[in-house]
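Below is a brief report on a protein–DNA model.

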2 protein chains.
Amino acid sequence: MLDSIGTHPRMGAVPSSEKNFLITGLPADVQQRLLPNLERVHLPLGTVLYESGDTLRYVYFPTDCIISLLYVMIDGASAEISVVGNEGILGTSLFLGGESTSSRAIVQSAGYAYRMDAHHFKTEFSRHSEMLLLLLRYTQALITQMSQTAACNRHHSIDQQLCRWLLLSLDRLPNSNLVMTQELIANMLGVRRESVTEAAGKLQKLGIISYHRGHINVLDRARLEQLCCECYAVVKKETERLLPIDDVNAMTSPSQS
Amino acid sequence: MLDSIGTHPRMGAVPSSEKNFLITGLPADVQQRLLPNLERVHLPLGTVLYESGDTLRYVYFPTDCIISLLYVMIDGASAEISVVGNEGILGTSLFLGGESTSSRAIVQSAGYAYRMDAHHFKTEFSRHSEMLLLLLRYTQALITQMSQTAACNRHHSIDQQLCRWLLLSLDRLPNSNLVMTQELIANMLGVRRESVTEAAGKLQKLGIISYHRGHINVLDRARLEQLCCECYAVVKKETERLLPIDDVNAMTSPSQS
DNA sequence: ATTATAGTGTACGATGGCGTGCAGAAGAAC
DNA sequence: GTTCTTCTGCACGCCATCGTACACTATAAT
């Protein structure tokens, strides 16, 4: 079903890896109806999709990019609240009813997303419950991630949090290469750049990652999970419970099922 | 309208202060329909309304009590994710679709709540959009609070966080007396008891609060807000934006409006 | 009255993370 | 090739918070 997006007049050629599970998780007829209103857009690293307080004009369904929800304090200090990839949607406040949030959405890893005009989106989910129910379940997964972030910020070391962050990012990327400087990671985690340098240095010495001027390669994911605090596993497990992904159908064509 | 709850056969005499704004915010006919399924219950301090992973059997609409959503780590360390009072509902996972959450709900301040059976609740919100829309807006307010907690845990001092915590509690209580030991506050904030002792001691010396073996009295709320980090104000402002409370109607009888 | 228990106060070293400053090295720009 | 910028590494003192230990006091239990 999603394959047909690639042949839609408004879309160019689309690699088959570009899926968003909130779309592929919908019944074929709903997907078909959404199609004309979905626009494939490229999102370069660092793009700010919305700022704290902005009224949202679009929702975004990331495919191979990662979006960070970042809270920026008055003094400029920041903290990542959660990350959104191809399992989610950006712009929950449109169906929750707030129209805006107090966080900033910024592209943490470049890639593509499908975006939908706020107006079309609202009429769609107000008309049909399939989409709303799926989005609500995703919202709960998002809440889980936020909760865990709050607890993790309180109790766990920067070393552990870096592991968590790497794993969350890895899950949302097609390969194990992150394009990401230590400075940016520090902004996300809300810590000093030097602290990230130190933590990343440890991981590199252990042979778990290798990095080089803005490029991080994860070599040993298993050991990363061992060093990580419980927070990653809790969020992942709960997300899979809430949003079961039928890989076979989701990655091929759900309309044929 | 809510006044009539006090005369409902299933209810005893109910003080007029016992309101929940998610109920009083609904149209009169919807309230009328909810009434037979609402049961007034007393919630003593420390009651665990649900544990991490529990399937919810009831939703709770607090009136004069405060519920804390607490995340408990494997090693027993805890952190408060958010608080719920008469502005909210406990059991969002029932309409979000997850049925359970990874947090614990515990009564932080004793009082009363209206509870509703999960089954009745689900049929109600699936049938009528008024309630769903209101609940969704509340969900966004909750998300705001969680986000802010995450950021606050990262960047602000225990002194500031204690101020935030006191203010959040104060907003949900009919008076300025908190029944709460320093030990319990420490659990909520996820810090040592001694740290709370120290922070509370400072506030007492400044004449802002007075406390005595499990009883805290806030004497100077204005100065508390001055000492607090931005986090309290952000959450409060956003909550008021999302859930405008028409005090006149809400506190009297909306059915007459 | 006496004894427990719960709540609070204080002290002291340990330490993780911060702020700051600076230096080296890899790429990019010219 | 040279210069400039970005990214990373390291070192220093500082401080908030932690872990631990213990003392004191008010209330409850007997």
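By class, the surface near DNA strand C has four nonpolar, eight polar and seven charged residues. Near means a C-beta atom, placed from the backbone, within 6 Å of the strand. Ala, Val, Leu, Ile, Met, Phe, Trp, Tyr, Cys and Pro count as nonpolar, Asp, Glu, Lys and Arg as charged, and the others, Gly among them, as polar.

This is a predicted model: local features need pLDDT of at least 70, side-chain atom pairs count only at pLDDT 80 or more, and totals for chains, interfaces and linings use all residues. Residues are numbered from 1 along each chain as its sequence is written, while chains are lettered from A and ligands numbered from 1 in the order in which they are written.

In total, 19 residues surround DNA strand C. Ser157(A), Val191(A), Ser195(A), Thr181(B) and Gln182(B) are the closest. H8(B) gives the most to this surface, with five residues. Helices (H or I, at least four residues) and strands (E, at least two) are DSSP runs, numbered from the N terminus.

The contact between the chains takes 33 residues from chain B and 33 from chain A. Contact means C-beta atoms, placed from the backbone, within 7 Å. On the chain B side, H5(B) gives the most, with 15 residues.

Residue classes compare as follows.

| Contact of H5(B) with H10(B) | six residues | five residues | two residues |

Technical notes:
Contact = placed C-beta atoms within 7 Å.
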